[in-house]
Amino acid sequence: QQQVKQSPQSLIVQKGGISIINCAYENTAFDYFPWYQQFPGKGPALLIAIRPDVSEKKEGRFTISFNKSAKQFSLHIMDSQPGDSATYFCAASRSNDYKLSFGAGTTVTVRA
Amino acid sequence: GEEVAQTPKHLVRGEGQKAKLYCAPIKGHSYVFWYQQVLKNEFKFLISFQNENVFDETGMPKERFSAKCLPNSPCSLEIQATKLEDSAVYFCASSQSGGQTGELFFGEGSRLTVL
């Protein structure tokens, strides 16, 4: 049973465009929501993370938006660059359980 | 070390053979996690350790999978009598604080192919 649902499965965006990836969760006990970036042949690396006490967090060109009432969160990649082409995974975990539940991943392709 | 080191990078086994994977966490990190990634898709949690103690093993298929983290040794994940469906990339990750207040650092994975 997948605890975090992620969409779309893949997306293509032009250089300079905005990439948007959405995730939804059911377990209201989740209180930590990280996004991981994975390049082919590599392990995932933490990109940005948010907790439910804030609705938005921005780091450079990457922004997480969080809607607690809807149990949804999203990643926005502004001014997308070819180097951003990767697979992005959203995840969630609970305070007393360090285990991350991952979404199914979104493959982003940025066309030059 | 400064990164999570996993060996081997690739491992091929015939169905029914044993497979053993190793992970050296980042020095000073007390939590180790094992995840299985099938077909480049979602990650399935297997097991976590706090130092040498099992912290959470709810994801482990216990009949054939076992794992250890012993002092002064790399952690290991062992699969007895491999099956075709065990073909996957196995990732190890470590964390200083369990992942809740800090990030998980992942290794590059060990690709297991069962023929």
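Chain A of this predicted model exposes about 5400 Å² of surface, and carbon and sulfur atoms supply 48% of that area. Chain B exposes about 5900 Å², with 50% of it coming from carbon and sulfur. Turning from the surface to the inside, 46% of the 112 residues in chain A are buried, and in chain B buried residues make up 47% of 115.

What about the fold of each chain?

On overall dimensions, the C-alpha trace of chain A spans about 45 × 30 × 20 Å along its principal axes. Its radius of gyration is 13 Å, which agrees with the value near 13 Å for a compact globule, because that is what the rule gives for 112 residues. For chain B, the C-alpha trace spans about 40 × 25 × 25 Å along the principal axes. With 115 residues, a compact globule would again have a radius of gyration near 13 Å, and chain B agrees with its 13 Å.

Contacts tell you how the sequence folds back on itself. In chain A, take the contacts with a separation of 6 or more: residues 24 or more positions apart account for 53% of them. In chain B, among contacts between residues at least 6 apart in sequence, 52% join residues at least 24 apart.

Now for the interior. In soluble globular proteins, nonpolar side chains tend to be buried together. Here, the largest nonpolar core has 24 residues, and the members that touch the most others are F33(A), W35(A), F73(A), L75(A) and Y88(A). The largest share, four residues, is supplied by β9(A).

Leaving out residues up to four places away in sequence, F33(A) touches Y25(A), I48(A), A49(A), I50(A), P52(A), I64(A), F66(A), F73(A), A91(A) and A92(A).

I18(A), I20(A) and M78(A) form a nonpolar patch on the surface, and together they have about 240 Å² of accessible area. I20(A) sits in strand β3 (residues 19–25) of chain A. Is I20(A) buried or partly exposed? Its relative accessible area is 39%, so it counts as partly exposed; buried would mean under 20%.

The backbone has some details to look at too. Where is the cis peptide bond in chain A? It joins S7(A) and P8(A), with omega at about -5 degrees, and P8(A) lies in the loop between β1 (4–7) and β2 of chain A. In chain B, a cis peptide bond joins T7(B) and P8(B), and there omega is about -10 degrees. P8(B) is placed in the loop between β1 (5–7) and β2 (10–13) of chain B.

D79(A) is not a glycine, yet its phi is positive, near 45 degrees. You'll find D79(A) in the loop between β8 and β9 of chain A, and it is partly exposed, with a relative accessible area of 39%. Over in chain B, N51(B) has a positive phi of about 55 degrees, and this residue is not a glycine either. N51(B) belongs to the loop between β5 (43–50) and β6 (53–56) of chain B. Its relative accessibility is 43%, so N51(B) counts as partly exposed.

Key
Residues are numbered from 1 along each chain as its sequence is written. Chains are lettered from A and ligands numbered from 1 in the order in which they are written. This is a predicted model: local features need pLDDT of at least 70, side-chain atom pairs count only at pLDDT 80 or more; totals for chains, interfaces and linings use all residues. Side-chain values use heavy atoms; hydrogens and water are left out. Patches are made of residues with over 30% relative accessible area and no salt bridge: like charges are joined within 9 Å, nonpolar side chains (Val, Leu, Ile, Met, Phe, Trp, Tyr) within 5 Å. Accessible areas come from the Shrake-Rupley method with a 1.4 Å probe; for residues, only the protein chains shown count as cover. A salt bridge is a side-chain nitrogen of Lys or Arg within 4 Å of a carboxyl oxygen of Asp or Glu. Helices (H or I, at least four residues) and strands (E, at least two) are DSSP runs, numbered from the N terminus. Buried means under 20% relative accessible area, exposed over 50%, partly exposed in between (1.4 Å probe, protein chains only). A nonpolar core is a set of buried Ala, Val, Leu, Ile, Met, Phe, Trp, Tyr and Cys residues joined through side-chain atoms within 4.5 Å. Contact means heavy atoms within 4.5 Å. The radius of gyration is taken over C-alpha atoms; the globule rule is 2.2 Å times the number of residues to the power 0.38.
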